[in-house]
Amino acid sequence: MEYRIEYRIEDLAHRSGATVRTIRAYQDRGLLPKPERRGRSNVYGEAHLTRLRQIADLLDRGYTLASIKELLEAWDAGRGLGGVLGLVAEVNGPWTDEKADRITRAELDAAFGGTPDERAVEEAIELGVLERVPGRDDEFLVPSPQELAVAAELYAAGVPLLAIAGHLRELRGQVEHIAHRFLEFTTEHVFARYLEHRPPTDADAAEAATLVRRLRPLAQQTVDAELARAMRTFATRHLQQHLAPEASLPQDVESRAVPLPADTIRAVHRLVGPENASAFIAAAAEREVRARTLDALASHHRKSREVDQIP
């Protein structure tokens, strides 16, 4: 005689880690099968526990409840989840060979001049350069040791910590734009055919996961090559300007004083220091001009595509 494990809803909640209220909400949404009715009681089985664990795993991977419902319906229809979960695991996996490390507070202070700076540490935590270790006030997790090493080198070269943080924020925004465009590009030209079905078939998801594995290094390789080209071009130009006998602005560049609110100036001084204020304001203005140029180009491209699609 086969022994069948049965749970009351309270026992199921305890075993799964979900609350009773959550389990009932999942039932109402159709994510969880209805329990078996025994007299006045509802009885749950191992299938319910397995389903709750599947839902929790998919939530951890970033899926919404609506998407999870589609995936589970596909699973129940016999289409399988293996390929889809493999694709999710491939995308969520590490996109670099770099390994996270740990650093003590004493080592951190020594790397940045030996003087504790609580504001700089909080800034690094907010940026994700450092992460707190639960239960350890004197130790931090370093997701990217290379990034922290670059910051230490810049500080040793004389760049203020808050200026380094401001530079990282600016750089991160630009890199995120590049990543977004690369994903749009590859989705349009490579992955669109695998995403026609919602959710994709098991075979399509498995093939897409293989492609992600192959294409993953291309983004970094492209950025590395283009950054090297740009640095060579601009560094050479920059050096020529500073080594000229009489360094001056090009004739076609007009220098003009622009009044700024006193509160803005004070905020910039607090952020990067008075000695870096002019460079920071100029860089911020240049960044805004570039961003608007990119937005204009993207808008023009979208409008062109819309016109092309008009029958």
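**Surface, cores and strand pairing in a predicted protein model**

The protein exposes about 22,100 Å², and carbon and sulfur atoms supply 56% of this area; accessible areas come from the Shrake-Rupley method with a 1.4 Å probe, and for residues only the protein chains shown count as cover. The structure is a predicted model, in which local features need pLDDT of at least 70 and side-chain atom pairs count only at pLDDT 80 or more, while totals for chains, interfaces and linings use all residues. Residues are numbered from 1 along each chain as its sequence is written, and side-chain values use heavy atoms, with hydrogens and water left out.

The secondary structure comes to 12 helices and 5 strands. Both kinds of element are DSSP runs numbered from the N terminus, with helices (H or I) having at least four residues and strands (E) at least two. Of the 311 residues in the protein, 25% are buried; here buried means under 20% relative accessible area, exposed means over 50%, and partly exposed lies in between (1.4 Å probe, protein chains only). Contacts (heavy atoms within 4.5 Å) give another view of the fold. Among contacts between residues at least 6 apart in sequence, 58% join residues at least 24 apart.

The largest nonpolar core has 17 residues, and L12 and I23 touch the most other members. A core of this kind is a set of buried Ala, Val, Leu, Ile, Met, Phe, Trp, Tyr and Cys residues joined through side-chain atoms within 4.5 Å. Helix 1 (9-16), helix 2 (20-29), helix 3 (46-60) and helix 4 (65-76) each supply at least two residues of this core, and the largest share, 4 residues, comes from helix 3. Leaving aside neighbours within four places in sequence, L12 is in contact with Y7, I23, Y44, H48, L49 and L52. A second, separate core holds 16 residues, among them A124, V142, L148 and A151.

The strands come next. Strand 3 (residues 101-104) pairs with strand 5 (residues 136-142) in the antiparallel sense, over 4 bridges; two strands pair if DSSP finds at least two bridges between them. Within this pairing, R102 stands opposite L141 of strand 5. Strand 5 also runs antiparallel to strand 4 (residues 131-133), to which 3 bridges join it. On that side, V133 stands opposite R136. The hairpin of strand 4 and strand 5 has 2 residues between the strands, and in this hairpin G135 takes a positive phi near 80°. As background, side chains in a regular strand alternate between the two faces of the sheet.

The structure holds 13 salt bridges, each being a side-chain nitrogen of Lys or Arg within 4 Å of a carboxyl oxygen of Asp or Glu. One of these joins E139 and R102, at 3.7 Å from N to O. The pair links distant parts of the chain, since E139 is in strand 5 and R102 in strand 3, 37 residues apart. E139 counts as buried, at 12% relative accessibility, whereas R102 counts as partly exposed, at 46%. E139 also meets R136 in a salt bridge, at 3.2 Å from N to O, and R136 is partly exposed with a relative accessible area of 39%. Salt bridges that share partners join R102, R136, D138 and E139 into one network. Elsewhere, R38 forms a salt bridge with E36, the closest N and O atoms being 3.1 Å apart. In this pair R38 is partly exposed at 35% relative accessibility, and E36 is partly exposed at 33%.

The surface has a nonpolar feature as well. I178, V223, L227 and M231 make a nonpolar patch of about 360 Å². Patches are made of residues with over 30% relative accessible area and no salt bridge; like charges are joined within 9 Å, and nonpolar side chains (Val, Leu, Ile, Met, Phe, Trp, Tyr) within 5 Å. Helix 10 (residues 202-243) gives the most to the patch, with 3 residues. V223 lies in helix 10 and is partly exposed, with a relative accessible area of 34%.

D109 counts as buried, because its relative accessibility is 13%. Leaving aside neighbours within four places in sequence, D109 is in contact with G114, T115 and P116.
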